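The stops below are given in the order in which they may be selected.

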Amino acid sequence: MKFFLDSADVSEIRRAMDAGLIDGITTNPSLLAKVAGTDHDPRDVLAEICRIVPGPISAEVVATTRDEMLREGRDLAKLADNIVVKVPLTEAGLMACRQFRSEDIRVNVTLCFSAAQALLAAKAGASYISPFVGRLDDIAQDGMELIEQIVQIYGNYDFPTEVLVASVRHPVHVVQAALIGADVATVPAKVLHQLMQHPLTDKGLAAFLADWEKLPEAKRVI
Ligand code: G3P
């Protein structure tokens with residue numbers, strides 16, 4: 001399973017990259033606006049991220065019509081070779097996706113909330129589909145059931161579209177996605193760090209080191 005960081009925060013991204021924990025990045029207009037603020041050009045932030053992380057970097061259009069999405073997406077794709085253009089799962093987004101694929105521009109179709117939508121995205125040639133599991137859970141629907149459906153449908157027809165589980169709220173989402181066989185999980189920095197944490201690990205390490213400290217100082221050498 002590949003791990004992408006769901007962030008536009010360069011410091012978070014550098015830390016995760018230095019730790020060797022991530023294979024790519026997903027951003028969205030909200031994440032990018034939060035970081036760019038009034039001080040930075042969003043395109044400069046994206047270009048910096050593309051320099052830090054060699055893997056796929058999802059950058060989302062903000063246009064809502066096909067032609068404007070194509071203009072924005074072509075501009076985004078020029079920022080770096082590892083840019084993946086993100087489009088919403090709308091009619092215009094699917095039309096733009098099909099055209100981008102004919103231009104060898106990789107597409108991440110986002111804001112997916114149903115298997116029917118995911119099927120259309122695969123048929124439109126999406127490189128990635130982003131079902132938002134957390135936002136479904138938030139309204140008492142089963143986000144992981146959607147992932148199961150998409151993985152099964154894509155397997156039935158050998159679609160090459162990668163299932164990129166998004167809107168991840170906690171480590172259980174990641175483990176469930178891996179058990180189902182999703183290709184990618186994109187996670188916030190908080191969840192990425194939660195994945196490696198366990199209180200028994202901390203307790204066990206403390207006990208090992210405490211026992212080691214009981215040796216005479218001259219013997220505490222490995
Ligand atoms: O960036 C796409 C998705 O991961 C956002 O999820 O629900 O935390 O805003 P959410």
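Begin with Asp-104, which counts as exposed at 70% relative accessibility; here buried means under 20% relative accessible area, exposed over 50%, and partly exposed in between, with a 1.4 Å probe and protein chains only. The model is predicted, so that local features need pLDDT of at least 70 and side-chain atom pairs count only at pLDDT 80 or more, whereas totals for chains, interfaces and linings use all residues. Residues are numbered from 1 along each chain as its sequence is written, and side-chain values use heavy atoms, with hydrogens and water left out.

Asp-104 is located in the loop between helix H5 (91–102) and strand S5 (107–112). Helices (H or I, at least four residues) and strands (E, at least two) are DSSP runs, numbered from the N terminus. The phi angle of Asp-104 is positive, near 60 degrees, in a residue other than glycine. Next, select Leu-111, which belongs to strand S5. Leu-111 is not a glycine either, yet has a positive phi of about 60 degrees. Leu-111 is partly exposed, its relative accessible area being 31%.

**The nonpolar cores**

Now select Val-109 and Ile-129, the residues with the most contacts inside the largest nonpolar core, which has 60 residues. A nonpolar core is a set of buried Ala, Val, Leu, Ile, Met, Phe, Trp, Tyr and Cys residues joined through side-chain atoms within 4.5 Å. Apart from this core lies another, of five residues, including Phe-4, Tyr-128, Leu-164 and Val-184. Contact means heavy atoms within 4.5 Å. Beyond its neighbours within four places in sequence, Val-109 is in contact with residues including Val-87, Leu-89, Ala-126 and Ile-129.

Move to Leu-164 in strand S7 (residues 162–165). Is Leu-164 buried or exposed? Leu-164 is buried, with a relative accessible area of 0%. Its contacts, leaving out residues up to four places away in sequence, include Phe-4, Thr-26, Tyr-128 and Val-184. Leu-164 and Val-184 are 20 residues apart in sequence, but their C-alpha atoms are 4.5 Å apart in space.

Select helix H10 (residues 189–196), where Ala-189, Val-191, Leu-192 and His-193 are buried. Among the elements that cover these buried residues are strand S1 (2–6), helix H1 (10–18), helix H9 (171–180) and strand S8 (184–187).

In helix H3 (residues 42–52), select Glu-48. Glu-48 is partly exposed, at 22% relative accessible area, and touches Val-10 and Arg-14, not counting residues up to four places away in sequence.

**The ligand**

Finally, display the ligand together with Asp-6, Asn-28, Lys-86, Phe-132, Arg-135, Ala-166, Ser-167 and Arg-169, the residues around it; each has a heavy atom within 4 Å of the ligand. By class, this shell has two nonpolar, two polar and four charged residues. Ala, Val, Leu, Ile, Met, Phe, Trp, Tyr, Cys and Pro count as nonpolar, Asp, Glu, Lys and Arg as charged, and the others, Gly among them, as polar.

Which distances separate oxygen atoms of the ligand from polar side-chain atoms of Asp-6 and from an N or O atom in the side chain of Asn-28? The distance is 2.6 Å for Asp-6 and 2.8 Å for Asn-28. For Arg-169, an N or O atom of the side chain is 3.1 Å from a ligand oxygen atom. The protein covers 83% of the 310 Å² of accessible area that the ligand has on its own, by the Shrake-Rupley method with a 1.4 Å probe.

Technical notes
Polar contact = N/O pair within 3.5 Å; in protein donor to acceptor, adjacent residues only side chain to side chain.
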